[in-house]
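Thank you all for coming. I would like to walk through a few local features of one chain, and I will ask you to keep the picture in view while I talk.

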Amino acid sequence: MMKKMMAALIVLLAVATTVIAAPPGQWIHVRVISNGSKGETVRINVPLSFAEAVLPAICADKLRHGKVKFGGKFDDVDLRSVFQAVRDSPDNEFVTVEKPDESVRVAKADGNLLIKVRQKRTGKNADNQNVDIKVPLTVVQALLSGNNGELDVSAGIHALSAQGNMDLVTVNGQSENVRIWTDTRNTSE
């Protein structure tokens with residue numbers, strides 16, 4: 001009787017440890033707030049597991065079976081080799097472009113690829129935007145795991161689901177604000 005109770009206790013402890021250690025499901029959120037006269041707001045909240053399951057079923061234009069086909073200018077670039085070089089390099093700022101009305105910065109820091117764009121345009125119709133993009137290198141590697149000439153979006157989403165809570169894209173402009181992020185909540189704030 002004592003052996004059965006100990007075995008049951010060990011099994012219960014193992015199950016409890018697994019449940020406690022298992023991360024809650026990740027959700028991807030997209031929020032677009034228009035600052036225009038209509039003041040529209042769009043919110044999209046999707047479990048990453050749902051996106052990962054549905055993507056292979058979509059066959060539209062260049063998106064087929066969870067993979068995006070691309071070509072043209074990228075045909076002459078070995079993206080995997082470029083990514084390998086970026087991944088193997090130390091954290092640093094790779095590219096900085098400074099113009100009077102815009103600056104662009106591409107860097108690697110803490111296992112992430114970072115892109116920052118700052119617009120400084122003047123004039124009546126200037127819609128300056130600050131854009132911040134943060135993509136974990138594990139997600140980039142997953143995206144590049146497909147065949148040549150394609151991005152494996154399903155693999156990228158799968159890799160993203162293991163990253164935890166993070167801001168991926170923010171765009172702050174005069175006409176609209178955009179935020180794309182992941183967390184474990186099923187609502188967007």
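Leaving aside residues up to four places away in sequence, G25 touches D183 and T184. Please bear in mind throughout that what you see is a predicted model. The C-alpha atoms of G25 and T184 are separated by 5.8 Å, although these two residues are 159 residues apart along the chain. As for its setting, G25 belongs to the loop between helix 1, residues 2-21, and strand 1.

Helix 5 covers residues 153-161, and its buried residues are S154, G156, I157, A159 and L160. In general, an α-helix has 3.6 residues a turn, so residues three or four places apart point the same way. At the start of helix 5, the backbone nitrogen of S154 has a side-chain oxygen of D152 within 3.3 Å.

Let me turn now to another pair, D110 and N112. D110 is in the loop between strand 7, residues 102-109, and strand 8, while N112 is placed in strand 8 itself, residues 112-119. The backbone oxygen of D110 lies 3.2 Å from a polar atom of the N112 side chain. D110 has a relative accessible area of 69% and is therefore exposed, whereas N112, at 9% relative accessibility, counts as buried. Which residues does N112 touch, if we do not count those up to four places away in sequence? They are A107, K134, V135, P136, L137 and M166.

Finally, a word about backbone angles. Most residues other than glycine have a negative phi. D110, however, has a phi near 50 degrees, a positive value in a residue that is not glycine. H65 also has a positive phi, near 55 degrees, and it too is a residue other than glycine. H65 is located in the loop between strand 4, residues 63-64, and strand 5, residues 67-69.

Definitions and conventions
Residues are numbered from 1 along each chain as its sequence is written. This is a predicted model: local features need pLDDT of at least 70, side-chain atom pairs count only at pLDDT 80 or more; totals for chains, interfaces and linings use all residues. Side-chain values use heavy atoms; hydrogens and water are left out. Buried means under 20% relative accessible area, exposed over 50%, partly exposed in between (1.4 Å probe, protein chains only). Helices (H or I, at least four residues) and strands (E, at least two) are DSSP runs, numbered from the N terminus. A polar contact is a pair of N or O atoms within 3.5 Å; within protein, one must be able to donate a hydrogen and the other to accept it, and residues adjacent in sequence count only if both atoms are side-chain atoms. Contact means heavy atoms within 4.5 Å.
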